[in-house]
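Visitor: Could you show me how to read a few features of a model? I would like the general idea and then the case at hand.

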Amino acid sequence: MELKRNLVGGNWVEGEDATENRNPSNLADVVGLYARASADQVADAAAAARAALPVWAGASPQIRADLLDKVGAEILTRKDEIGRILAREEGKTLPEAIGETVRAAQIFRFFAGEAIRVAGDAVASVRPDVDVEVMREPVGAVGLVTPWNFPIAIPAWKIAPALAYGNTVLFKPADLTPGSAHLLAEIIHAAGAPAGVFNLVMGRGSVVGDAIVRHPEIDAVSFTGSVPVGRALAVEAARGLKKVQIEMGGKNPMVVMDDADLDLAVNACLNGAFFSTGQRCTASSRLIVHEAVHDEFAERLSEAMMALRVGDALDPETQIGPVVSASQLDSNLGYVEIARSEGATVIGGERLDGPADGFYQQPALFVGATNAMRTSREEIFGPCASVIRVGDFDEALAVANDTEFGLSSGICTSSLKHARAFRRGSASGMVMVNLPTAGVDYHVPFGGRKGSSYGPREQGRYAAEFYTAVKTSYSFSG
């Protein structure tokens with residue numbers, strides 16, 4: 001089997017060892033063999049990125065725009081191929097995987113446009129004969145560390161703005177899902193990215209990620225992943241005075257009011273809680289339901305959940321694919337037992353026999369949960385959701401905000417009053433009304449509050465806040 005290598009300074013290089021990328025739908029299916037970089041190779045990539053920075057930062061915006069547009073077009077051309085690899089390595093259904101690939105292409109094309117729209121300000125000085133200009137410049141060599149759950153979309157929304165604004169990149173994808181990332185690296189390289197502008201360093205977070213954060217020639221780090229790793233990364237980055245952007249977890253609430261359209265509410269919660277196997281930081285993991293509709297909602301959602309077809313990600317009949325790994329499945333099943341021990345009524349949640357040896361789990365609903373339970377406080381990152389009964393809107397909002405996280409939140413209601421009050425009162429970075437908590441547009445900011453996010457927002461024009469540095473220039477003309 002051909003070894004898929006790292007890209008350092010424009011050259012494809014082997015790592016210190018390699019890992020097999022296996023399909024969680026069928027463990028007998030080896031997606032590929034991927035090199036793992038060493039800390040020394042990270043240092044080589046950092047040196048290459050630093051050396052390439054003056055040329056790329058000084059390149060015409062049109063050159064950067066053309067590169068990103070070319071990458072986006074090639075991703076679209078190869079969407080079925082990339083989507084199939086993504087479904088095989090991550091376990092999301094093939095339609096979801098292809099949809100994610102298309103999203104990645106859209107992101108590159110969006111930032112192709114942004115590359116030629118980098119704006120500044122000309123401001124009148126308070127002093128006579130002085131002109132003031134505010135400009136945005138590249139922040140420098142940027143380390144990008146991405147998770148396994150969106151293995152091409154999240155890399156796209158970090159890489160595209162980094163390159164658009166003139167930065168050079170060290171990209172470390174998740175060790176579980178290197179296949180999509182490697183295909184993306186091949187496309188960027190073939191599109192003509194100059195040597196050192198884009199570097200791929202695959203491998204373990206404890207080796208590659210740590211080396212990126214510690215390296216003195218890396219100016220900024222953007223990370224998406226777990227809360228413990230994100231907090232540790234922020235501390236280490238602060239030692240080197242690096243700019244950081246960190247997206248971590250969520251324990252996202254979806255409120256269902258007594259005036260909600262229950263068909264809409266059930267569908268929104270089914271999608272938000274269980275699609276993508278619940279492996280989304282924006283998943284609806286706390287369903288906060290008004291007591292007047294609680295029992296009917298729980299019954300209808302349970303029936304819809306148990307009817308979901310769990311199976312091989314490539315099977316067109318599958319609605320929910322496998323859990324990504326053995327360790328994640330074990331964690332999910334452990335939380336199912338915790339929910340039971342805490343007194344919730346557990347519907348579903350058991351491990352399933354699949355069509356092949358893989359990591360299959362029936363989605364789980366924890367009915368009769370309270371917001372004090374561990375399963376309502378801790379991020380599970382699997383197809384599990386708690387149903388919490390409340391008496392009125394004020395209690396619903398208070399319960400929704402009673403969490404260390406603050407990424408996404410939602411409400412199902414036909415009341416403009418309740419919708420408006422929830423949008424204003426929700427302590428989260430993103431609020432959905434009559435929509436699933438998971439599902440966002442690529443041209444607007446993404447991010448949260450509290451323990452969910454740290455640093456500037458991702459996506460859309462707000463990405464410039466992280467990927468650029470502001471310079472104020474004064475000129476005397478008297």
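Predicted model: local features only at pLDDT ≥ 70, side-chain atom pairs only at ≥ 80, totals over all residues.

Visitor: Which residues touch the most other members of the largest nonpolar core?

Guide: In soluble globular proteins, nonpolar side chains tend to be buried together. A nonpolar core is a set of buried (under 20% relative accessible area, 1.4 Å probe, protein chains only) Ala, Val, Leu, Ile, Met, Phe, Trp, Tyr and Cys residues joined through side-chain atoms within 4.5 Å. Here the largest has 66 residues, and F108, F111, I159 and F198 touch the most other members. Leaving aside residues up to four places away in sequence, F198 touches L7, I159, V169, F171, A185 and I188; contact means heavy atoms within 4.5 Å.

Visitor: At what angle do α13 and α14 pack?

Guide: Helix α13 (residues 393–401) and helix α14 (residues 416–425) pack at about 25°, their axes 11 Å apart. Angles under 35 degrees count as roughly parallel, so α13 is roughly parallel to α14. F393, L397, A400 and N401 of α13 meet H418, A421, F422 and G425 of α14. Those contact residues comprise five nonpolar, three polar and no charged, with Gly counted as polar.

Visitor: How exposed is A43?

Guide: A43, in helix α1 (residues 39–57), has a relative accessible area of 27%. A43 is therefore partly exposed, the class between 20% and 50%.

Notes:
Residues numbered from 1 in each chain as written. Heavy atoms only, no water. Axes fitted to C-alpha atoms, helices over the stretch in contact; angles between N-to-C directions. Helix = DSSP H or I, 4+ residues; strand = E, 2+ residues; numbered from the N terminus. Parallel < 35°, antiparallel > 145°, perpendicular 65-115°, else oblique.
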